[in-house]
Amino acid sequence: MSVATPWRAVIRGWGGYVPERVVTNDELARDMDTSDDWIRSRTGIRQRHVAAPGEFTSDLAVAAARPALARAGLTAADVDLIVCATSTPDHTFPATATAVQRKLGCPVGIAFDLQAVCAGFPYALTVADQFLRLGQARTALVIGAETFSRLMDWSDRGTSVLFGDGAGALVLAAEPATAEPAPRGVLASHLAADGRHYDDLYVDGGPSTTGTTGHLRMNGQEVYRHAVAALAASVTEVLRRAGLTLDEVAWIAPHQANKRILDAVAKRLGVAAERVLVTVDRHANTSAASIPLALDLAAADGRLRRGDLVVATAMGGGFTWGAVALRW
Ligand code: ACO
């Protein structure tokens with residue numbers, strides 16, 4: 001539930017970055033019993049980007065944050081809040097957000113990571129929005145950054161073909177919340193988690209259990225079933241909270257797990273496929289990075305314009321899910 005405050009979080013800049021190296025389905029099929037046809041028909045994925053050795057999640061995050069700050073007409077000196085959504089931090093601690101802070105040269109401020117796996121970006125946007133609306137920060141870098149290629153069990157064709165690396169960032173600034181008829185920025189959010197599904201999508205390692213990083217494990221069919229229902233319900237709920245209707249929405253920006261999930265969500269909502277941003281074909285699933293990467297591409301190619309109403313929605317391990325309604 002939104003509380004009226006003197007401030008509102010407005011989007012001032014955006015950026016995205018994917019590593020140079022592209023791995024096609026055919027390339028995977030050279031070392032694994034899979035095929036371009038299987039991967040495309042089940043997921044819509046054509047290729048994924050993979051970070052270079054020595055290229056870390058914080059490097060991807062910084063590469064996305066720089067153009068976001070430039071577009072906002074701001075510098076690192078202006079940033080007093082960094083929220084980095086990631087499940088693939090550089091190190092177990094400290095937070096990758098503090099590595100970003102150091103690499104960008106931001107002054108002392110608030111910086112922390114947020115772990116909601118593929119739902120990380122709606123969670124991070126919501127948290128940053130609350131800091132800004134409460135006057136606890138003025139300029140936020142909200143980042144989704146991942147190197148999921150490093151969590152893959154490359155002997156498991158059922159999961160390793162699905163993911164890629166990348167990062168996206170938004171710069172949000174606190175601006176006075178005037179009574180405009182169509183306010184910009186974050187308008188409403190809906191977040192949820194259901195730990196009963198902890199084992200349906202997880203990494204089989206961690207500092208407190210095995211002492212190793214581990215590999216991603218997934219009950220794909222359960223994820224699929226839950227994703228379609230949860231994403232559609234979350235979009236409906238966030239629009240109810242924002243007092244808006246689907247007809248007013250220019251773009252649905254869903255987490256990019258799988259084209260079939262995106263199509264099924266659009267169908268369930270009754271939204272034309274043309275109003276759904278799709279990047280899974282070229283990026284595969286970049287977890288918390290997929291939404292800001294999709295926004296970056298749509299803004300860069302002119303589809304997403306100032307004033308457009310967007311609903312970003314995601315679901316991930318936990319299960320966690322949610323949606324944010326925002327005006328670009
Ligand atoms: N290439 C070729 N064959 C494969 C591959 C592959 N990469 N992976 C699995 N198979 C085979 C299986 O071994 C199985 O063979 P079998 O019938 O001989 O045993 C067959 O394909 C069917 O396997 P299923 O796992 O039942 O395939 P399914 O139709 O469920 O598709 C998929 C798998 C694409 C993962 C599907 O379950 C799905 O889309 N799930 C959603 C999960 C998802 O997108 N997760 C992303 C992370 S979660 C998130 O971001 C929300």
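Start by selecting Ser 290, which lies in helix 10 (residues 290–300). Helices here are DSSP runs of H or I with at least four residues, strands are runs of E with at least two, and both are numbered from the N terminus. This is a predicted model, in which local features need pLDDT of at least 70 and side-chain atom pairs count only at pLDDT 80 or more, while totals for chains, interfaces and linings use all residues. Residues are numbered from 1 along each chain as its sequence is written, and side-chain values use heavy atoms, with hydrogens and water left out.

Is Ser 290 buried or exposed? Ser 290 counts as buried because its relative accessible area is 2%. Buried means under 20% relative accessible area, exposed means over 50%, and partly exposed is in between (1.4 Å probe, protein chains only). Next, show the side chain of His 255: the side chain of Ser 290 makes a polar contact with it, at 2.7 Å. A polar contact is a pair of N or O atoms within 3.5 Å; within protein, one must be able to donate a hydrogen and the other to accept it, and residues adjacent in sequence count only if both atoms are side-chain atoms.

Step back to the loop between helix 9 (280–283) and helix 10, and select Ala 284. Its phi is near 55°, a positive value in a residue other than glycine. Ala 284 counts as buried because its relative accessibility is 0%. Ser 287 is in the loop between helix 9 and helix 10 as well. Ser 287 is not a glycine, yet its phi is positive, about 50°. With a relative accessible area of 1%, Ser 287 is buried. Most residues other than glycine have a negative phi, and most peptide bonds are trans.

**The ligand**

Now select the ligand and the residues around it. How many residues surround the ligand? There are 23, and the closest are Thr 34, Arg 42, Arg 157, His 255 and Asn 258. A residue is near a molecule if one of its heavy atoms lies within 4 Å of it.

- A polar side-chain atom of Asn 285 lies 2.9 Å from a ligand oxygen atom.
- A backbone N or O atom of Gly 220 lies 3.0 Å from a ligand nitrogen atom.
- A polar side-chain atom of Trp 38 lies 3.3 Å from a nitrogen atom of the ligand.

On its own the ligand has 1,000 Å² of accessible area, and the protein covers 72% of that. These areas come from the Shrake-Rupley method with a 1.4 Å probe.

Color the helices next. Helix 2 (36–43), helix 6 (157–160), helix 7 (220–242) and helix 8 (259–269) are the elements that give two or more residues to the shell around the ligand. Helix 7 gives the most, with four residues. At least three residues of the shell come from each of domain 1 (7–176) and domain 2 (185–327); the domain bounds come from an automatic or database domain assignment.

**Two cis peptide bonds**

Select Phe 93 and Pro 94, which are joined by a cis peptide bond with omega about 0°. Pro 94 is in the loop between strand 4 (81–85) and helix 4 (96–104). Then go to Gly 318 and Phe 319, where another cis peptide bond has omega of about -10°. Phe 319 sits in the loop between strand 12 (309–316) and strand 13 (320–327).

**The whole chain**

Finally, zoom out. The chain has ten helices and 13 strands. Its C-alpha trace spans about 60 × 45 × 40 Å along the principal axes.
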